[in-house]
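Please examine the sequence and the model shown here.

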Amino acid sequence: MDARREIWVFGDWRNYFQNRVTLQLLAKARQLAQPSGARVCALVFGQGLDEWVMEYTAHGADRLYVCDHPRLEGYPMQAFTGLLVDLAQKRQPQVILVGATSFGKELAARAAKRLGVGLTADCVELALDDHGRLVQTAPAFGGNLLAEIVSTGEPQMATVRPGAFQELPHDYVRTAEVVRLEPPAKLPDERLRLIESRRLPARQQELENAAVVVVGGRGLGSKKKFKNLHELARLLGGEVGATRPVVHSQWAGHEALVGQAGRQVKPKLLISLGVSGAIQHTAGINADFIVAVNKNPNAVMMQMADVGIVADANQTCLALIRELKDRLRG
Ligand SMILES: Cc1cc2nc3c(=O)[nH]c(=O)nc-3n(C[C@H](O)[C@H](O)[C@H](O)COP(=O)(O)OP(=O)(O)OC[C@H]3O[C@@H](n4cnc5c(N)ncnc54)[C@H](O)[C@@H]3O)c2cc1C
């Protein structure tokens, strides 16, 4: 077998233009591979895969393991698990990274069990130490701290939160080796059959990729006041996020939840209104610039912010809306 070590990324190509987690993982895998010269590989299973092969090449894969077959239509979980496990047993990769989508989480858990290796779920950071061990940072103890986890044995497997890393720019001149795989003669009988799949409304998918995110917390006081955030976000060309109490009070839907149990955002600008800054919430934030508004100057969110405004969150939101409208008119 080829002596060069491999870092694998599972290619979750469904809903490609909204779900960028595979591209984010390819970028991270490139970074991990750089010191040792390991090869970055993408696994691409399904039917009609040429487009994704080109995309993953342009985004950092050196080699692609491709199994393109009509029997793999509809993302059959058991067949994908079997392919991944067989290939891993043959090629013995150093690391396998899977996006923490609902499909990815299930696939990785099944594969790790069959390979008899550990799996760290929902990682937000990854590094390789000097011994080639994958240091996997993930929320632990109900999200009260971030733990660094190292698994013994190989492959070292992790699922990674969408939005934790930045994808590389599309490089049209990159080339990669394509290894075509035959599906096994007999695929397992799927216990689950896909009957129908429907896209989420586009806006619900945009929070993770938004350049501006306006997040509201319990400090806003009511559903009616929370609604003003939509106007502010609209004027800024951004999206609205929420904390857990806000979602529990049904001021916003679960798709707006930012944090450990929700979405990972990485905007250029995040405006946080009436949010205390609990670690379960801030674990979902990777923003270039944060403006926080809180009555309490000592709130964690205020400490974390680039600009902290000690004021009433709702009044500040309305003042910002007025100011932006004036500027747009003028
Ligand atoms: C396992 C687990 C997972 C969790 N996952 C998540 C998650 O994914 N996302 C998440 O958000 N939370 C999560 N939580 C909950 C989290 O611990 C916090 O309880 C939550 O983030 C707090 O939300 P908040 O800041 O809106 O409310 P609070 O903590 O109540 O903070 C309200 C803030 O508003 C300020 N305030 C009050 N009135 C005003 C006013 N008029 N103007 C300005 N400021 C004002 C207060 O000073 C305070 O700082 C999780 C908890 C657990 C245990």
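## The parallel sheet

Val 215 stands opposite Gly 241 in strand 12. Helices (H or I, at least four residues) and strands (E, at least two) are DSSP runs, numbered from the N terminus. This is a predicted model, in which local features need pLDDT of at least 70 and side-chain atom pairs count only at pLDDT 80 or more, while totals for chains, interfaces and linings use all residues. Residues are numbered from 1 along each chain as its sequence is written.

Strand 11 (residues 212-216) and strand 12 run parallel and are joined by four bridges; two strands are said to pair if DSSP finds at least two bridges between them. They belong to an open sheet of five strands in the order 12-11-13-14-15, with parallel pairing. Strand 12 (239-242) and strand 15 (307-310) stand at the edges with a single partner strand each, so one side of each is left without a neighbour in the sheet. On average, neighbouring strands of this sheet are turned by 15 degrees against each other, direction ignored. Axes are lines fitted to C-alpha atoms, for helices over the stretch in contact, and angles run from 0 to 180 degrees between N-to-C directions.

Further along the sheet, strand 13 and strand 14 pair in the parallel sense over five bridges, and Ile 271 has Val 291 in strand 14 as its bridge partner. Strand 14 also pairs with strand 15, again in the parallel sense, over four bridges; here Ala 292 stands opposite Gly 308 in strand 15.

Five bridges connect strand 7 (residues 134-140) with strand 8 in the antiparallel sense. Within strand 8, Ile 149 is the residue opposite Gln 136.

## Domains

The domain assignment of the chain, which comes from an automatic or database source, gives domain 1 (6-180) and domain 2 (202-329). Their centres, taken over C-alpha atoms, are separated by 31 Å. Ten residues of domain 1 are in contact with eleven residues of domain 2, where contact requires C-beta atoms, placed from the backbone, to lie within 7 Å.

## The ligand shell

The ligand is surrounded by 30 residues, the closest being Gly 217, Gly 219, Thr 243, Gly 259 and Ser 276. A residue is near a molecule if its C-beta atom, placed from the backbone, lies within 6 Å of it. Helix 7 (244-248), helix 8 (279-282) and strand 14 (289-294) each supply at least two residues of the shell, and helix 7 gives the largest share, three residues.

By class, the shell divides into ten nonpolar, 16 polar and four charged residues. Ala, Val, Leu, Ile, Met, Phe, Trp, Tyr, Cys and Pro count as nonpolar, Asp, Glu, Lys and Arg as charged, and the others, Gly among them, as polar.

## Val 117

Val 117 lies in the loop between helix 4 (102-115) and strand 5 (119-123).

Not counting residues up to four places away in sequence, Val 117 touches Ala 112, Ser 151, Gly 153, Glu 154, Pro 155 and Met 157. The C-alpha atoms of Val 117 and Gly 153 are separated by 6.5 Å, although the two residues are 36 residues apart along the chain.

Note on methods:
Contact = placed C-beta atoms within 7 Å.
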